[in-house]
Amino acid sequence: MIRLFVGLGNPGPEYEATRHNAGFWWIDALAAQLGARLVPERAYQGLVARVNLPGPGPVWLLEPMTFMNRSGASVAPLARFFKIEPAQILVVHDELDLQPGQAKLKFGGSAAGHNGLKDIQGLLGTPDFWRLRLGIGHPGVKSEVVNYVLKKPAPDQREAIARALDQSLAASEALMAGRMDQALALIHAQPQRPKPPRPPQPRPPEDVKPPAGDPS
C-alpha cells in the first residue's frame, strides 16, 4: 500500500501555476478530497498532512519546500522517521515525455533527467519507489526545457492536465489499499470514444398492388 504521497514542485507564488508544479497540484487535490490540511513541518522541510484512515491506517501527504533539486532532503527524513519503505512511496511529478492529459503509473526506473527524482533516489538509496507521471509535453528543443517547465501551460494544456489529475485521483483509494493493478487500470484507462451516429435506415418500399391478371 502507499503510505506516503509526495508531490514535487517549487515553493513560492511565482512558481505556483508553472508546469513543474504539477505534483503540488495533485497533492492539493488529494488533500481536498480527503479533507486534510497541509501544514509546515520544519523537521521535514515541507508541507505535511497526516490522514488516519480506518482500513489501511495513517497515510502522509508531502510537498517538499526545498526547491525541486533538493526534494530528497524532505522525503527521506519523513520516510525514515515513520518507517515507510521506498515501495510504499508514490512520487507525483511532471513528465516531459507525456502529452498534457496523459498520466502513467510506474514502479522504479531511472530519473530520466528529472532533478527531483534524482535527488530522492540518491537520498533514499534506491530507485524502487512508485511514480505517477503527469504529462506536460515537451518544447521540442532540449535547450528550452528549463524555461518551458518554469512557465505556465497554455489554457488548453492546463485543462488537459486537470482532466489527467481527476482521472488519476480516482485511483487514490486503490493506491492506499495496495490494489496496484486496479490503480494502474484506472489511471491508464483511455476515455471512451463517442460512438459514430448510426446511418439512417432505408425506408421499406410502399406496398404496390399487382396488376390485374398477375398470377402472384
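## Strand S1 and its neighbours

Let's start inside the sheet of this predicted model: strand S1 and strand S5 (residues 89–95) run parallel to each other, paired over 4 bridges. Within that pairing, Leu4 has Ile89 of S5 as its bridge partner. S1 also pairs with strand S4 (residues 57–64), again in the parallel sense, this time over 3 bridges. On that side, Leu4 stands opposite Trp60 in S4.

So what covers the faces of S1, or are they open? Both faces of this strand, residues 4–7, are covered. Leu4 and Val6 point to one side, Phe5 and Gly7 to the other, and all of these residues are buried.

## The sheet as a whole

Zooming out, the sheet is an open one of 7 strands, with mixed pairing and the order S2-S3-S4-S1-S5-S7-S6. Strand S2 (39–41) and strand S6 (103–107) sit at the edges; each has a single partner strand, so one side of each has no neighbour in the sheet. From one strand to the next, the twist averages 25°.

His93 has Arg133 as its bridge partner in S7.

## S3 and S4

Where does the antiparallel sense come in? S3 and S4 pair that way, over 8 bridges. The two strands are joined by a hairpin through 3 residues. One of the bridges links Asn52 with its partner in S4, Pro58.

As for burial, S4 is largely enclosed by the rest of the structure, because 7 of its 8 residues are buried.

Helix H2 (residues 72–81) lies across S1, S3, S4 and S5, and runs at about 160° to S4.

H2 has a helix partner as well. The axes of H2 and H3 come within 8 Å of each other and cross at roughly 40°, and the crossing is right-handed. On the H2 side the contact is made by Gly72, Ala73, Val75, Ala76, Ala79 and Arg80, and on the H3 side by Asp119, Ile120, Leu123 and Leu124. Sorted by class, that contact has 7 nonpolar, 1 polar and 2 charged residues.

## Two loop residues around H3

Next, a pair of loop residues. His114 is found in the loop between S6 and H3. Is His114 buried or exposed? With a relative accessible area of 11%, His114 falls below the 20% cut-off and therefore counts as buried. Which residues does His114 touch, leaving aside neighbours within four places in sequence? Its contacts are Leu8, His20, Met68, His93 and Asp94. His93 has already come up, as the bridge partner of Arg133 in S7.

Pro127 belongs to the loop between helix H3 (115–124) and S7. The relative accessibility of Pro127 is 31%, so this residue counts as partly exposed. Not counting residues up to four places away in sequence, Pro127 touches Gly108, Gly109 and Gln121. Ala111 lies 16 residues from Pro127 along the chain, and the C-alpha atoms of the two are separated by 8.0 Å.

## The chain in numbers

The chain has 216 residues, of which 44% count as buried. Among its contacts with a separation of 6 or more, 66% are between residues 24 or more positions apart. The accessible surface comes to about 12300 Å², and carbon and sulfur atoms account for 54% of that surface.

Methods: Residues are numbered from 1 along each chain as its sequence is written. This is a predicted model: local features need pLDDT of at least 70, side-chain atom pairs count only at pLDDT 80 or more; totals for chains, interfaces and linings use all residues. Side-chain values use heavy atoms; hydrogens and water are left out. Buried means under 20% relative accessible area, exposed over 50%, partly exposed in between (1.4 Å probe, protein chains only). Two strands pair if DSSP finds at least two bridges between them. Axes are lines fitted to C-alpha atoms, for helices over the stretch in contact, and angles run from 0 to 180 degrees between N-to-C directions. Contact means heavy atoms within 4.5 Å. A crossing is left-handed if the near helix is turned anticlockwise from the far one by less than a right angle, and right-handed if clockwise. Ala, Val, Leu, Ile, Met, Phe, Trp, Tyr, Cys and Pro count as nonpolar, Asp, Glu, Lys and Arg as charged, and the others, Gly among them, as polar. Accessible areas come from the Shrake-Rupley method with a 1.4 Å probe; for residues, only the protein chains shown count as cover.
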